[in-house]
Amino acid sequence: EELRSIPVIMISVIDEMASIVRCIEYGADDFMVKPFNAILLKARINAMLAKKEYADKQQQFNFWLAENYQNLQKAEQVRDEMFQMIVHDMNNSLITILGESDLMLKTGKVSEEDPAFRSVSNISSAAQQIKGMVKGILDISLMEKGQFVARKKRVDVAALVKGVAQLYEA
């Protein structure tokens, strides 16, 4: 099997079709009958060598392609693991920001008359937006894995635009 890629030209005095077919079936690439023409033999050898060189290059390319595909899969796995870690850490920080800002707003530590109220409210709104973006990133990850389930949701566009405008009002 390891010699199968070496080109073989059979040369024989036997010129019956059954012998020629049998040689080809056993793996010969070509067949010539004696007496043979040296120029024709040289042309056939050159053609076989060119074919062998092409097959070798193709085999090397296939090996290179398979190796790079494996490297790409490893890189994608590392990227996905890092991605999951970053998203997890972002969520933890967002929970802290949202929790603290909501606590300040709901417990009255910052009243509506206090100039800091708007800033804390804006921080809370921005954190909610980032939380939505993180959820969107996670949804993309689920889409790539084929695990995403789309759901319709009503959105109050006027409230959304008003909220964004308030963030940038200052």
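The structure is a predicted model, and it contains four helices and two strands. Read from the N terminus, these elements follow the order β-α-β-α-α-α. The radius of gyration is 36 Å, well over the 15 Å that the globule rule gives for 170 residues, so the protein is more spread out than a compact globule.

**Overall form and contacts**

- Taken along the principal axes, the box filled by the C-alpha atoms of the protein is roughly 110 × 30 × 25 Å.
- Of the contacts between residues at least 6 apart in sequence, 46% join residues that are at least 24 apart.

**The largest nonpolar core**

- Five residues make up the largest nonpolar core, namely V87, L94, L98, A127 and V134.
- The elements that contribute two or more residues to this core are α2 and α3, the latter spanning residues 115–145, and α2 gives the most, with three residues.
- Leaving aside residues up to four places away in sequence, A127 touches L94, I97 and L98, and of these L94 and L98 are, like A127 itself, members of the core.
- As a general background to such a grouping, nonpolar side chains in soluble globular proteins tend to be buried together.

**Helix α2 and residue A66**

- Helix α2 covers residues 38–106, and A66 is found in this helix.
- A66 has a relative accessibility of 39%, which lies between the 20% limit for buried and the 50% limit for exposed residues, and A66 therefore counts as partly exposed.
- A66 and S121 are separated by 55 residues in sequence, and their C-alpha atoms are 54 Å apart in space.

- The peptide bond that joins K34 and P35 is cis, with an omega of about -10°.
- P35 lies in the loop between β2, which comprises residues 30–33, and helix α2.
- For context, most peptide bonds are trans.

Note on methods: Residues numbered from 1 in each chain as written. Predicted model: local features only at pLDDT ≥ 70, side-chain atom pairs only at ≥ 80, totals over all residues. Heavy atoms only, no water. Rg over C-alpha atoms; globule rule 2.2 N^0.38 Å. Contact = heavy atoms within 4.5 Å. Buried < 20%, exposed > 50% of the residue type's maximum accessible area, 1.4 Å probe, protein only. Core = buried A, V, L, I, M, F, W, Y, C linked by side-chain atoms within 4.5 Å.
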